[in-house]
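Biologist: Hi, could you walk me through this one? I'd like to start with the overall layout and then pick at details.

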Amino acid sequence: MNSNSTNPPITSPENTESTVGQRVRNLLIVLAAIALTVALFFGSRTETDTATLTTLAENSTPLEVALSNGKPSLVEFYANWCGTCQLMAKDMGELQQEYAGKVNFVMLNVDNSKWLPEIERYRVDGIPHFVFFGKDGNAIAQAIGEQPRTVMAANLEALVAGEAVPYARATGQTSKFNASVAPKAGSDDPRLHGSQVVN
């Protein structure tokens, strides 16, 4: 007899059980991974009911409409890079839903040069910068920086009721912002302030 001949492996009941056990364990691991992947996918899609700056801007009332439709308005100067603005987005989204139909919510991105005249008019040098307008379209109060939800809600309640805004000069943490404006040489006439804008 040749001792180098290959013999088929001896299959014992113990080897069969361990192979079946490994296959069952691997199958369970794969099923658990699939279940977790599906849960994470659907969980990430449904968890974000909170507002973002983008959704707030998309739901924003145009400034010219807000100042002429007979409703009080809250104008927020913001930027997508502003951490404080991002932190307040959830509360602002909730307030926007709570006061829908009663108050115009306007979002003006300071990175858009279209809003430079408004940035200058309301002296925006930190964001978020909030300007509260009465039903007649006139600015009646401002708040600068991060504001607690209670402060914003109290101001909005006063706007709706036509009363004095209780937190008319609230100041909190801001992100610094500098508008790109510079005086042109020989422009002494104060009525030419629009010519100071550098594009």
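Biologist: What pattern does the protein chain follow along the sequence?

Modeller: Reading along the sequence, you get α-α-α-β-α-β-α-β-β-β-α-β. The protein chain has six helices and six strands, where helices (H or I, at least four residues) and strands (E, at least two) are DSSP runs numbered from the N terminus. This is a predicted model, so local features need pLDDT of at least 70 and side-chain atom pairs count only at pLDDT 80 or more, while totals for chains, interfaces and linings use all residues. Residues are numbered from 1 along each chain as its sequence is written, and side-chain values use heavy atoms, with hydrogens and water left out.

Biologist: Thanks! How much of the protein chain counts as buried?

Modeller: Of its 199 residues, 32% count as buried. Buried means under 20% relative accessible area, exposed over 50% and partly exposed in between (1.4 Å probe, protein chains only).

Biologist: Do β1 and β2 run parallel or antiparallel?

Modeller: Parallel, with six bridges joining them. L74, for instance, has F105 in β2 as its bridge partner.

Biologist: In which sense do β4 and β5 pair?

Modeller: Antiparallel, over five bridges. V131 has Q142 in β5 as its bridge partner. The two strands form a hairpin with five residues between them, and G137 in the turn takes a positive phi of about 85°.

Biologist: Where is the kink in α4 centred?

Modeller: On A89, with a kink of about 45°. The bend at a residue is the angle between axes fitted to the seven residues ending there and the seven starting there. A89 is also one of the buried residues of α4, which include M88 and M92.

Biologist: Now α6. What do its buried residues pack against?

Modeller: They pack against β1 (73-78), α4 (83-98), β2 (104-109), β4 (129-133) and β5 (139-144). The buried set is V151, M152, A153, N155, L156, A158 and L159.

Biologist: Why does N155 count as buried?

Modeller: Because its relative accessibility is 0%. Leaving out residues up to four places away in sequence, N155 touches F132, V165, P166 and Y167.

Biologist: Last one: how far apart are the end C-alpha atoms of α6?

Modeller: They are 18 Å apart, which agrees with the 18 Å that its 13 residues (149-161) should span at 1.5 Å a residue. The expected span is 1.5 Å times one less than the number of residues. Just after α6, G162 takes a positive phi of about 75°.

Methods. Contact = heavy atoms within 4.5 Å. Pairing = 2+ DSSP bridges.
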